[in-house]
Amino acid sequence: MHQFFLMTALALSAAAAQRPNVLIVLTDDQGMGDFSCYGNPVLKTPHLDHLRDQCIRFTDFHAAPMCTPTRGQLLTGQDAVRNGATSVTGGRSFMRPGIPTLPEMLAAAGYRTGLFGKWHLGDYYPHRPMDRGFQEAVYHLGWGFTSAPEFQNTLSDGRYFHNGVEKKFSGYCTDFWFDQAMAWMKARRAAGEPFFCYLPLNAPHGPHIVPEKYSAPYEGKGPAKFFGMIANLDENIGRLEKFLRDTGLLDDTLLIFMTDNGGTAGVKLWNAGLRAGKTTFYEGGHRVPCWLRWPAGGLGEPRDIAEPTQIQDLLPTLLDLCGATAPSGARFDGLSLAGRLRGAMKELPERMFVVQYSRAKLEKWECAVVWKQWRLVHGRELYDVNADRAQKNDLAPQHPEVVARLREHYERWWAELEPLSGQFVHPSLGSAAQPLVALTSSDWQDVYADNAGHIRQAAGGPRGGHWNVTIERAGEYDLRLRRWPRETGLALGEPSGPDSKALPIAGAQIRVAGQELSARGQPSDQEIVVRARLPAGRTTLHAWFQDAEGKDLCGAFYAYVKKTD
């Protein structure tokens, strides 16, 4: 595999000059109903509607019901259980090392690769975007603003990271991501370099904050700030389209637009006829828009492709359309749609596939199985979504043979992947690539303490949870334990606001690499420091706070770890 990724331009095909640039725009928490072109009676999305009209549209397309699994599946072409990124939190948001990613494969084929926006596949080496194939990475941490890693970050004039270095941006975040992506694409155009630009936005995910001019038209008509974030996003799509035209990039750029999961704030107003929304295994949770356009690619007129497709299909499709190859031994759970797009294939091969992710521990039958018009939900409910888009009528009693066939497929799928479900991916401590690692409660194993509100309320019980880590180099380590992130300047016992708890923190306990360590402190301290000699290898790190009498209070939500010798 190392030889594959060291390929030089001399080994590339002469046809490479005809390869498209690739631009993927991925929005966050925007459901099928959050577009005027899909019937929303209030929201106006003229630029998105116009883009849709120019694209080939996969009308039965499936992502995961939550954001991290969708992102991992997009970048690996593998089911979430196989690639490891099955959840947004709980120590399950990392892709397994060694799995080749889309940016790695396109970089090996001579592409420049850039990410602008939301990564959400790991904040620590070797899981950061620049560790997994992106040569340029402009991004925020965690799931976004007010997540545990971005506890008090703001959507305007906030912080971001540029190839791992913290910086400040000016203006509104969505505008900034588009600005950065367009400037980078313009530079690639000037240099004559083919590019893969990945533009995964945090909008319109909460917190729903947007300049008033975007939300004002929707006041009293629905979720105004949520719709306002989409209105701003729509305006930026218009800016992007003008940029592509003005720079001459439009014809030779393969653009994909999609959303990462089903609807959220807007589903009660309009859900495009689908049942439920984000996190669920009904169609409203994972059936999303996916539009593709490549004017110079000979793909034919804009049209609908109605067969079931999934996000795992996009990576092999892009490799075919870009003339790139996968390394020997690479495995994909999706299939290439290139033949269908080019008209060489009238219909896709019949197949079944599974939609599954986890909010915490993976559970058997927490899934949907897709086959033609059929959906088996939770292993027991059967729906014909062509006749019953809203999934109101459970047909399992009338079609036991279909249920049996879908269950049989899932049993085979689960038998292969279930052993992987408990294999956690370990970020590294003590690496020269990231000398200081700021662990957060987002990655406590099987504990949901991912949001600012969880930290204010001291979620996770009196001991919190543990991190799965790899000690890269044996030696002395400095572990600085905090309840609040450094940038707040708050003391251990100090509340962060009226909705948070003040705790009489006076000490800390640590379990790591078979050692039991402790240290004392005061509620007025900002951190409690523990120093330990750690051996190299995989281990767990568990740290929590106590009061003066030794009573457990809460987990150490933040641990700043650095090798000191």
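Y124 is buried, with a relative accessible area of 1%. Buried means under 20% relative accessible area, exposed means over 50%, and partly exposed lies in between (1.4 Å probe, protein chains only). This is a predicted model, in which local features need pLDDT of at least 70 and side-chain atom pairs count only at pLDDT 80 or more, while totals for chains, interfaces and linings use all residues. Residues are numbered from 1 along each chain as its sequence is written, and side-chain values use heavy atoms, with hydrogens and water left out.

**Aromatic pairs**

A pair of aromatic rings is described by the distance of the centres and the angle of the planes. Rings of Phe, Tyr and Trp (its six-membered ring) pair if their centres lie within 6.5 Å. Planes under 30 degrees apart count as stacked, over 60 as edge-to-face and the rest as tilted. The count comes to 29 aromatic pairs. Two of them are tabulated here.

| Pair | Centre to centre | Angle between planes | Class |
|---|---|---|---|
| F94 and Y124 | 6.2 Å | 40° | tilted |
| F151 and W484 | 5.7 Å | 55° | tilted |

Where do F94 and Y124 lie? F94 is in the loop between α4 and α5 (102-108), and Y124 is in the loop between β3 and β4. The two are 30 residues apart, and their pair links distant parts of the chain. Helices (H or I, at least four residues) and strands (E, at least two) are DSSP runs, numbered from the N terminus. F94 counts as buried because its relative accessibility is 2%.

The other pair spans 333 residues in sequence. F151 lies in the loop between β4 and β5, and W484 lies in the loop between β19 (475-482) and β20 (507-512), so the pair ties these parts together. Both F151 and W484 are buried.

Ring pairs also build a cluster, which links F145, Y160, F169, F176 and W177.

**Charges over rings**

A charge sits over a ring if NZ of Lys or CZ of Arg is within 6 Å of the ring centre and within 35 degrees of the ring normal. The charged end of R359 sits over the ring of Y448, 5.8 Å from its centre. R486 lies over the face of Y560, at 4.4 Å from the ring centre.

**A buried asparagine**

N83 lies in helix α4 (residues 80-83). Is N83 buried or exposed? N83 counts as buried, because its relative accessibility is 0%. Its side chain reaches the backbone oxygen of G72 at 3.5 Å. Contact means heavy atoms within 4.5 Å. Leaving out residues up to four places away in sequence, N83 touches G72, Q73, T76, Q78, F94, M95, R96 and I99. F94 is also the ring that pairs with Y124.

Most residues other than glycine have a negative phi, and most peptide bonds are trans. The peptide bond from Y125 to P126 is cis, with omega near 0°. P126 lies in the loop between β3 (112-118) and β4 (136-140). The bond from A203 to P204 is cis too, with omega near 0°. P204 is in the loop between β7 (195-200) and α7 (212-215).

Which loop holds N163? N163 lies between β5 (159-162) and β6 (165-168). Phi of N163 is positive, near 50°. N163 is partly exposed, at a relative accessible area of 31%.

K372 has a positive phi of about 50° although it is not a glycine. K372 sits in the loop between β13 (368-371) and β14 (374-377). At 39% relative accessibility, K372 counts as partly exposed.

Conventions: A polar contact is a pair of N or O atoms within 3.5 Å; within protein, one must be able to donate a hydrogen and the other to accept it, and residues adjacent in sequence count only if both atoms are side-chain atoms.
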